[in-house]
Amino acid sequence: MDGGAMNFAILWPEIITSGVGVLVLAVGLLAKGETLQRSRAAAWVGVLATVAAALAAWNLQGRNLTAFFGGYRLDDLAVFFKIVVLLAAGMTLLFAPDFLVRHFVRPSDFTALVLFGVTGMMLLASALDFITLYISLELISLSFYALIAIQKGEVRPAEAGLKYLLLSSLASAVMLYGMSLIYGLTGSTYLEAIPKAFGSGQWPLLAGVGVLFILAGLGLKVYLVPFHMWAPDVYEGAPVPTVAFLATGSSAATLAVILRLFEGSFAAAGGVWVPVLLVLAIVTMGVGNLMALPQTNIKRLLAYSSIAHAGYILLAVAAGGSSGAAAVMYYTLLYAVSTIAAFAVVSVYSQAAGSSDIQDLAGLARRSPFLSFVMLAAFASLAGVPPLAGFMAKFTVFAAAVEAGLLVPAGLGLVISVISIYYYFQVIRVMYVSEPRESTPLTFGWGTRVALLLGLAGILLLGVFPGPALHMAQTAVAAGLF
Amino acid sequence: MVNLAWWVVFLPLLAFLLISLVTRPHRKLSGWITILAVGASFVLSVAILLDMLARPGARESAWQWLSLGPVHVELGVLLDPLAAIMLVVVTLVSLLVQIYSTAYMGEDPGYSRYFAFMGLFTFSMLGLVVANNYLEMYVFWELVGLCSYLLIGFWYEKPSAAAAAKKAFVVTRFGDFGFLLAILLLFGHLGTFNFGEVAQGVADGRLPAAAVTAAALLVFFGAAGKSAQFPLHVWLPDAMEGPTPVSALIHAATMVAAGVYLVARTYGLFVSSAASLLVVAYIGGFTALFAATIAIAQSDIKRIVAYSTISQLGYMMMALGAGGFTAGVFHLMTHAFFKALLFLGAGSVILMYFHEQNIWRMGGLYRYMKITAITMIVAALANAGLFPFAGFFSKDEILVAVKESGHLGLYWIGAFTALLTAFYMFRLVFVVFFGPRSEFSPSGHEALPDIGNPRPAQVEAPGAGASGEPAVSAQARAEADKHLHESPAVVTLPLMILAFLSIVAGFWGWPGLSHGFGSFVFFSGAGAGGGAAAEAARAAHAAAGFDWPTVIVSNFFVLLGLLLAWVLYGRRRRAADPLAEILGPVFTVLEHKYYVDEFYLWFIRHFVDGGAAVLAWIDANIVNGIANGIGALLMGIGGLLRLFQNGWVQRYALIFFIAVLVLVAVLVYREPALTAAIVGGAR
């Protein structure tokens with residue numbers, strides 16, 4: 001710990017994104033003659049900012065530094081998750097302008113909000129005390145309230161925004177209550193102080209209640225059933241780029257803090273939360289996969305798909321240990337890449353069709369072979385088809401569960417995951433087999449093209465060469481959580 | 001140098017990606033991309049071979065591809081003299097085939113696709129050659145299988161081509177299953193995929209003898225599938241449905257070579273199990289004879305060469321089984337040259353001769369295509385194994401190895417097969433290039449019915465051809481002959497290069513040569529009896545020079561076969577096969593390839609199909625019922641759960657709080673002291 005010294009060097013990623021965010025917002029508001037089309041440039045600036053921040057984060061690997069009186073920590077775990085959320089933000093900003101301009105939203109506003117959100121996510125990945133944690137979480141939530149309802153004058157996004165606001169405030173309140181319980185018992189807000197305060201003995205009952213409250217509050221952000229109910233409605237109502245960023249960035253950052261809390265601070269209280277999380281993880285997989293079956297809207301389908309994947313990830317959290325934590329990290333990365341690629345496709349076709357019904361995907365293979373190929377890769381990856389990234393990710397999760405002796409949950413998870421093949425390939429079937437309703441080729445801009453290519457490359461490379469990313473996750477875990 | 005090997009392997013893949021993603025609409029460019037990539041691979045392979053000649057030895061470079069607990073999987077490159085030789089052979093033959101293909105496939109609408117597949121095929125084969133572990137080899141092994149499927153079925157709109165592609169894929173997959181089992185067996189015992197480590201483990205006796213034999217036989221089963229050994233040989237003749245250059249590539253340097261290469265690469269397993277060596281030797285010897293007898297009664301120019309390939313592969317397997325590692329690999333190399341030449345030469349004939357493939361519709365073509373004819377004769381001599389052509393040296397090595405191993409039965413089988421080889425090769429040469437033009441020769445591009453081998457009795461019946469077709473008038477034929485000419489230079493140049501190699505390549509294996517092939521490629525493995533003793537034996541053998549009795553026997557048999565072919569076909573007056581009369585019903589059996597295909601079909605129809613029908617019934621009525629039931633049930637549950645998701649945010653909040661309360665209740669309930677207090681168990 002460095003005491004109070006302000007080590008700004010380790011904050012470069014956050015400084016870049018928040019600074020560029022303010023700049024983009026200011027220029028967007030003040031510049032004269034700002035039109036929708038010209039405002040597209042703001043999104044490219046945002047993309048550059050995420051790239052620069054990611055490079056800065058990459059350079060900070062292996063440093064393991066602490067700042068702000070121990071409230072902020074930059075270790076490899078934080079760097080990994082920062083890169084994941086920056087990737088999510090960057091890819092979202094690449095394909096967002098096409099969608100936004102069509103819906104009369106200025107890309108500059110959107111860009112600024114995404115950059116603020118990603119700043120919060122990066123801070124969250126580094127949070128080492130309850131105060132920083134809570135503030136970061138609120139920064140994320142605040143950005144998303146606006147991002148969800150950014151389509152002025154439209155009812156559905158406004159409704160979705162309100163739902164998200166109400167339910168996530170609720171979760172925050174419960175989580176804060178849990179934190180205050182633990183603070184009351186330990187006298188410290190530092191994550192690393194918690195296990196020290198309780199020692200090796202039995203945790204008091206109230207501490208257990210606090211742990212569960214925090215689990216519920218964070219569970220809402222990562223779609224843990226039964227705290228997931230907001231997700232399908234918000235996914236359906238919100239603009240596609242917002243959903244893409246929400247589905248990936250927000251849950252990735254929350255998973256970082258879940259790892260720190262549950263694998264670190266609350267590890268000794270495993271008896272309290274591991275059984276609960278195991279049961280909920282399996283229920284989450286079940287509900288996510290089952291509810292995805294009858295969906296006719298691609299965004300709702302992807303919401304339940306997110307829920308199902310949260311189940312797998314949380315199974316790895318419950319499995320714990322270094323392989324469990326590494327599995328969480330690798331899964332988060334692959335899930336982010338595959339999901340954003342899928343949303344980029346959804347963004348293009350739903351603009352053209354004016355709806356996001358799965359039926360409107362009919363004949364996509366003939367209208368745009370490239371788009372449908374990316375969708376095929378993304379969905380096959382999410383379904384866990386080898387040799388794509390999703391297969392390796394599921395493999396690491398179930399391997400970690402087996403290693404932890406959780407044979408029954410792992411078996412159940414495997415069986416449940418089979419269901420997912422049905423609904424993913426149902427969509428693929430519609431794209432490739434069904435007759436198109438209209439045959440005009442789909443067009444999209446360069447940003448979208450780059451995002452799609454990035455997603456495709458990620459899905460293929462992470463699957464065929466899982467080594468580097470897995471290795472990075474393993475080293476990060478080995479370096480310790482705080 | 002090891003790092004160069006990565007480039008050798010990946011350049012053709014790059015060509016494949018570039019063509020399929022970018023240049024597909026530009027035909028000429030796509031062709032050039034593959035040629036350039038394979039050409040560069042060839043140059044690098046030559047550099048690697050020269051380096052290997054200067055400093056022989058095994059060099060390995062590996063990259064940890066995947067590490068999951070105790071399982072470590074590498075993606076690596078293993079370069080040794082064996083791999084270096086194969087790299088050059090594969091890239092050279094592939095390059096010549098590509099150049100040839102620019103003319104052969106020139107009119108084809110799938111030109112770009114063709115060259116993309118060729119790049120992928122070359123990549124797969126090169127990856128297989130440099131693989132340093134079983135699993136990596138298996139991946140490329142399967143890729144080779146996939147590519148052959150794509151290329152044999154290149155004209156997929158032709159039902160026969162689609163069927164042949166499927167047959168090749170299924171039959172070889174059948175063998176691949178054995179290979180996979182072998183890999184799992186070895187990994188289960190030794191915990192590694194690496195070739196060197198497995199060989200070391202086997203040599204150290206860490207594997208029970210029975211497991212070694214089982215693993216070796218399973219590997220051989222995989223190799224037999226790819227290298228078309230009896231009884232898995234049936235796919236290869238059908239594979240002639242693909243474009244002829246593809247046949248040349250598959251049957252000379254890639255797919256069929258893969259099986260022999262696999263046995264050579266895993267030779268440590270085989271030398272540790274005498275039983276497996278015996279199986280390899282006898283299956284090989286039997287296949288050599290078996291295929292050669294079929295070849296003498298075929299009428300399709302490509303099928304004759306195809307059966308010849310099976311026969312020669314049998315020779316190689318026989319050599320490996322008899323302990324003649326060097327001989328087998330040497331024959332693999334020389335065979336690559338003259339077999340590619342035979343196929344490309346046949347392709348040149350087919351290309352210019354109205355796409356006709358039946359030799360009995362040809363005859364006297366020598367005066368129209370002299371280069372093709374002469375190079376074909378060179379290839380036929382090399383294939384027959386007459387001194388001093390390449391095939392002589394390698395076949396001589398094989399026979400000597402078999403003789404030294406003491407299997408005299410196999411020795412005579414090998415020698416007699418040489419007679420048959422010379423006979424069927426020159427049957428082809430005389431019937432196609434010399435003698436009078438056939439009564440059934442085509443006069444245009446319209447497809448003619450298959451006449452098989454016309455019997456003398458049929459032809460002598462006045463006024464009617466073999467299938468009852470009227471004889472072509474002399475005038476129409478003269479008109480058609482005006483269109484006959486030699487193939488263009490891009491076709492004849494590869495032929496001449498391969499002919500040159502078919503003449504000179506053998507001299508590298510001149511017995512007693514101080515830096516000959518035998519002192520470069522040999523088995524020095526860690527197997528039983530390896531090390532110093534084997535080294536001494538090898539040196540003694542290398543210095544011994546020719547085994548004169550074998551030289552005399554083999555050349556005598558070859559000349560005898562040649563003479564017989566001349567007597568029967570060289571002086572013929574009509575397009576009819578006198579052998580059919582001489583051999584009678586035996587000829588019919590040979591013509592029908594011993595009815596092996598018919599037997600398989602019969603077997604499948606009576607046993608497999610019956611079982612399949614039962615399973616299909618179970619599938620349709622029971623499994624489907626269960627599956628649909630589960631599906632309906634899951635859908636139903638999904639629908640029920642949906643009722644909760646009604647969009648009311650109040651309901652969501654309520655569920656949230658109820659869930660939190662339930663969690664806390666569970667926690668409290670499990671707390672013994674508190675439970676006691678609440679439930680009233682406290683005193």
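1. A salt bridge is taken here as a side-chain nitrogen of Lys or Arg within 4 Å of a carboxyl oxygen of Asp or Glu. The model is predicted, with local features needing pLDDT of at least 70 and side-chain atom pairs counted only at pLDDT 80 or more, while totals for chains, interfaces and linings use all residues. Residues are numbered from 1 along each chain as its sequence is written, chains are lettered from A and ligands numbered from 1 in the order in which they are written, and side-chain values use heavy atoms, without hydrogens and water.

2. B:Glu136 belongs to helix α5 of chain B, residues 134-152 (helices are DSSP runs of H or I, at least four residues, numbered from the N terminus). B:Glu136 is buried and has no salt bridge, the nearest side chain of opposite charge being that of B:Arg265, 9.9 Å away (buried means under 20% relative accessible area with a 1.4 Å probe, protein chains only; Lys and Arg count as positive, Asp and Glu as negative, and His and the chain ends are not counted). Apart from neighbours within four places in sequence, B:Glu136 is in contact with B:Glu74, B:Leu75, B:Gly76 and B:Ala131 (contact means heavy atoms within 4.5 Å).

3. A:Gly320 sits in the loop between α12 (298-319) and α13 (321-353) of chain A, and A:Gly320 counts as buried because its relative accessibility is 9%. Leaving out residues up to four places away in sequence, A:Gly320 touches A:Glu263 and A:Ala325. The C-alpha atoms of A:Gly320 and A:Ser420, which are 100 residues apart along the chain, are separated by 25 Å.

Methods. Helix = DSSP H or I, 4+ residues; strand = E, 2+ residues; numbered from the N terminus. Buried < 20%, exposed > 50% of the residue type's maximum accessible area, 1.4 Å probe, protein only.
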